[in-house]
Amino acid sequence: MESFVPFIVIMLGAATPLIFAAIGELVTEKSGVLNLGVEGMMLMGAVSAFAVSITTGSTTLGLLAAIGAGVLMALLFGLLTLTLLANQVACGLALTIFGIGLSSFIGKDYVGKPLDALPSMDLGWLSDIPVLGPVLFSQDLMVYAAIAVVAAVAWFLYHTRAGLVLRAVGESHHAAHAIGYPVIRIRYMAVAFGGAMAGLGGAYLSLAYTPMWVEHMTAGRGWIALALVVFATWRPFRVLLGAWLFGGVTILQLHAQGAGIAVPSQLMSMLPYIATIVVLVLISRDATRIRMNAPASIGKVFHPER
Amino acid sequence: MRPSLELRSHTPRSILYLTPVIAALLTAFSGGVLFAALGYPPLEALYAFFIQPLTSLNGLAEIGVKATPLVLIGIGLSIGFRGNVWNIGAEGQLTLGAICGGAVALAFYDVEGVWLLPLMVIAGTLGGMAWGAIPALLKTRFNASEILVSLMLTYVATLFLSYLVHGPLMDPEGFNFPQSRLFHDSALLPTLIPFTRLHLGAAIALFIVVAGWFVMARTLIGFQVKVIGLTPAAGGYAGFSQKKVVWMAFLTSGGLAGMAGLFEVAGPIGQLSPSVSPGYGFTAIIVAFLGRLHPVGILLAGLLMALSYLGGEVVQIELGLPLAITGVFQGMLLFFLLGADLFTRYRLRWNRSPAAGTAAGAARPAEAREEAA
């Protein structure tokens, strides 16, 4: 049992960037927009958070910068797909290519610089409880924040009027438009939220998980987050479940190496990607389930006919 | 007085061909602004990026070298994109092509023969096809998103290559460097221009451009792909199979990407190393769009993107800018292109009220003109 504790602690950390990115993308997709640029937005969040934190010495400013960078990238995507009616798949890919390039460009001077990791919470006697203490009460703040955001999104989508409107826009933009909801404005907000969360997910990578900046340090996590949304069949709490599962796979790989299992590290590193494919296949196999749960207008261009 | 968009019934050719040029010019302009903002003389930097590589024979040959994989992959991807099949894992298929073709070269490292190179090309192409067949199978059989599967497989392929050059395929006399043996002469592509790196692959890429045009414009399967891409329902009524299009798209693009990968290791690189491509598989996506999914357009777009790689190298050497500037330029170019695409599908109308065109609204255009003046 004791040896299990570090496993869970690290798993929660590995899952956190995925939770942020996936929950943001879930809201974006619920509004009917497919943004494939998560990887690019995460990278911009990661590099902005790192650069601002190291320059100002303030993690808070770093996190704000990550949100800002993510939102800016998302608005660029919104401008192209929502205002200029461009193809969402192509624009998402463009956002990722651009984000990879721009983050490496900005981050050139920060490669290899050290940064103190986000401090873990110390909740006094709570953190000292054996097993439960380290797992539940001594993570860094972002781990809790990620879970809180999921709960907030679940409440917003299914228990508020605004959430209902957002889902309506995602199901049928023409119907929502006809009853007078500002489809484009609502989608802009959803896309911006997705960007902010992807930015935070990236920030967690460069500030807490591995406190440093390396080119393309997300290593496909933005794409795994996209797969998680499908895995979760667009339900917020299932995102948590999926992210922890992936966190577990990531850690398994590290532990296997530590335990001296004689599989080359490169082959072990393939695990999260192969797991993503397996999970996608298992979930997508049931075409009806996907059709029932996916927002009906996802990926479609909306141009109101007068 | 506000602008509104009106769907075009058909797109004038002029606009279709003009928008990529406008996008390229806007990119150059924004690049200049970026250079100025970073404190570099903009015109000088732009000259270094866009013109200087074109001023020497070696520079021109290098453009051919870098355009070869981009055009090969771009042609393959364009077929899928026309049919709404999104293969974005060409980078992985390229890597598998390099691995399979390279493995053949290494298996016969002490045997020479004219048959070796063709065998490598076949192995590389088949390797890319096999890697492309995985997302095609999972898409057609289990409905799994080909976008995510093909992309995940890219990471798997890169890790696999890294494993091979750190392990089974590592040069035994290479002082533990993560590289394979150097290929010998009959496993290397002959060069077309002496003292440059421009290789036979470039000529093959040109042939593929023609073949790609023929398939899409003159054969039934090309027609089926286009119909399914435009209106899947119509394709269904006509009895065209969506699954067939998915398979055809992935096998073609995977095969061409694999061939491109083999050309890289049997051409400019000459051995297997942990990195066989600076992201050609992803840049080829831009090439396909910039070239309007048309083979000739893809050829021109491939040359321009090759210039962006070369330009990035020149400004790195001359001005000390990071090489990542290439990615920034490529991203910007795609943004401008996708933004400008609006005008291929919609027409901008100034102040046409909903009633305009009916008898009651006949007076409105006159008012509009007054307002405008």
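Mentor: Before we start, helices (H or I, at least four residues) and strands (E, at least two) are DSSP runs, numbered from the N terminus. This is a predicted model, where local features need pLDDT of at least 70, side-chain atom pairs count only at pLDDT 80 or more, and totals for chains, interfaces and linings use all residues. Residues are numbered from 1 along each chain as its sequence is written, chains are lettered from A and ligands numbered from 1 in the order in which they are written, and side-chain values use heavy atoms, leaving out hydrogens and water.

Trainee: Okay, which helix of chain A holds A:R187?

Mentor: Look at residues 183-209 of chain A. They form one helix, and A:R187 sits in it: that's α10.

Trainee: Is A:R187 buried or exposed?

Mentor: Buried means under 20% relative accessible area and exposed over 50%, with partly exposed in between (1.4 Å probe, protein chains only). A:R187 comes in at 1% relative accessibility, so A:R187 counts as buried.

Trainee: How far apart are the C-alpha atoms of A:R187 and A:V33?

Mentor: Along the chain, the two are 154 residues apart. A:R187 is also in contact (heavy atoms within 4.5 Å) with A:V33, and its other partners beyond four places in sequence include A:H173 and A:F302. The C-alpha separation of A:R187 and A:V33 is 7.2 Å.

Trainee: Over to α4(A): how many of its 20 residues are buried?

Mentor: Helix α4 of chain A runs over residues 88-107 and reaches 27 Å from first C-alpha to last. The rest of the structure largely encloses α4(A), because the buried count is 18 of the 20 residues.

Definitions and conventions
The expected span of a helix is 1.5 Å times one less than its number of residues.
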